[in-house]
Each structure stands twice: as C-alpha cells, then as structure tokens.
Amino acid sequence: MTASNLPDEDKPLTAVMEDYLETIFDLSREKGAVRVRDIARRLAVKMPSVSSMLKTLGERGLVHYEKYEHVQLTRAGAAVGREMRRRHEAVRRFLVQVLQVEAVTADEEACRVEHALSSDTLNRLIDFMAFIETCPRTGADWLEQFEQYRQQGKPAHCPVGRPVQKH
C-alpha cells in the first residue's frame, strides 16, 4: 500500500494534528473540560476549523467528541499529546537555558521544531540538558564525558557536578 491509499488511522499524523492533540492535552490538564472554543482560542483558529479537525481526529480514534459536547482525548490521543508536550518542553528549555533565546521566541520555535526531531535526537537533547546540569564544562574531554553519561547515566569523572536523575 502507498501512503495515499492507507486507511486514515495508518497515515502519519501531521504537525497540525499533533498541535491539536498537544493543545487538548494541555487544556485538559489546566481546565479539566475542554471545549471547541477553548481550542480555537488557544490555537488562534476559527471554531469551524476546530470542529473539522476534531472530526478527523475522532475518525482516527484520538478524541471523543460530539457536537456541542466537551472534547476528550482517547488513551492514544493522550499519549500523543503528552509526547508532544514533552518534546516541546525539551526543545524550549534547550533554547532558553543553553542558547539563551528569549522565552516567547523559544516557545514559538519549539512548537515548530518539536515535530521535526526524531525520538533519538530528542532523547539525546534531553540527555545533554541533564548532563550539563550534572557536569558543567570541565575540560577538553567534556563531550566524551557526555557520551559516557548517555551510555551509563553518569559521567566517569565530574569534580564540580551534582547528581541528577537521568530520564
């Protein structure tokens, strides 16, 4: 089968679909009950666009939604929303803390980058953030120490570091 004739549930999610699931995930944590207008406001889109996307996500088994009712993520939809939030926060944190990008810009750019990184790259970024918190730059072998941290969960030698939990 080619991508064009796969059933909808077998097609990869688009970045826009992932953004909707992340938004619904966030709103459900903040408010409990999520409405179409909450999603429209958060994403700065019109309510008919939200309704259309909810229909698509419902067909894929990612949300439960009936017109004029609250929106709920399915277990699969919540897993995607949670993962997108994790990705977003990891990229945003890297941009703010390491590259010292202004917070609003970092948030906007994290939203774009979160969709493009592979899981392996994202996990390396998260590991790198934990590593630099544990072992600030202490010499020429610092990046070698990072690889050891990735493999073993701790650097071999870090005289100024403090212990942190690896994800």
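The exercises below work through a predicted model.

**Exercise 1.** State how confident the predictor is in the chain, and what is found over residues 1-7.

Solution. Begin with the chain average, a pLDDT of 83. Next take the share of residues that score at least 70, which is 82%. Then turn to residues 1-7, where the pLDDT is below 50. Beyond near neighbours in sequence, this stretch has 5 contacts in the model.

**Exercise 2.** Classify the packing of helix H1 (residues 15-31) against helix H3 (residues 47-59) and describe the contact.

Solution. The axes of H1 and H3 are 11 Å apart, and the angle is about 95 degrees. Angles of 65 to 115 degrees count as roughly perpendicular, so H1 and H3 are roughly perpendicular to each other. From H1, the contact uses Val 16, Met 17, Tyr 20, Leu 21 and Ile 24. From H3 come Ser 49, Val 50, Met 53, Leu 54, Thr 56 and Leu 57. Sorted by class, the contact has 9 nonpolar residues, 2 polar and no charged ones.

**Exercise 3.** Check the span of helix H4 (residues 75-98), then find its buried residues and what covers them.

Solution. H4 has 24 residues, and at 1.5 Å a residue it should span 34 Å. The expected span takes 1.5 Å times one less than the number of residues. The end C-alpha atoms of H4 are 34 Å apart, so the two values agree. The buried residues of H4 include Gly 77, Met 84, Arg 85, Arg 87, His 88 and Phe 94. Their cover includes H1, strand S2 (72-73), helix H5 (103-113) and helix H6 (119-134). Just after H4, Gln 100 has a positive phi of about 55 degrees.

Methods
Residues numbered from 1 in each chain as written. Predicted model: local features only at pLDDT ≥ 70, side-chain atom pairs only at ≥ 80, totals over all residues. Heavy atoms only, no water. Axes fitted to C-alpha atoms, helices over the stretch in contact; angles between N-to-C directions. Helix = DSSP H or I, 4+ residues; strand = E, 2+ residues; numbered from the N terminus. Parallel < 35°, antiparallel > 145°, perpendicular 65-115°, else oblique. Contact = heavy atoms within 4.5 Å. Nonpolar A, V, L, I, M, F, W, Y, C, P; charged D, E, K, R; others polar. pLDDT = per-residue confidence, 0-100. Buried < 20%, exposed > 50% of the residue type's maximum accessible area, 1.4 Å probe, protein only.
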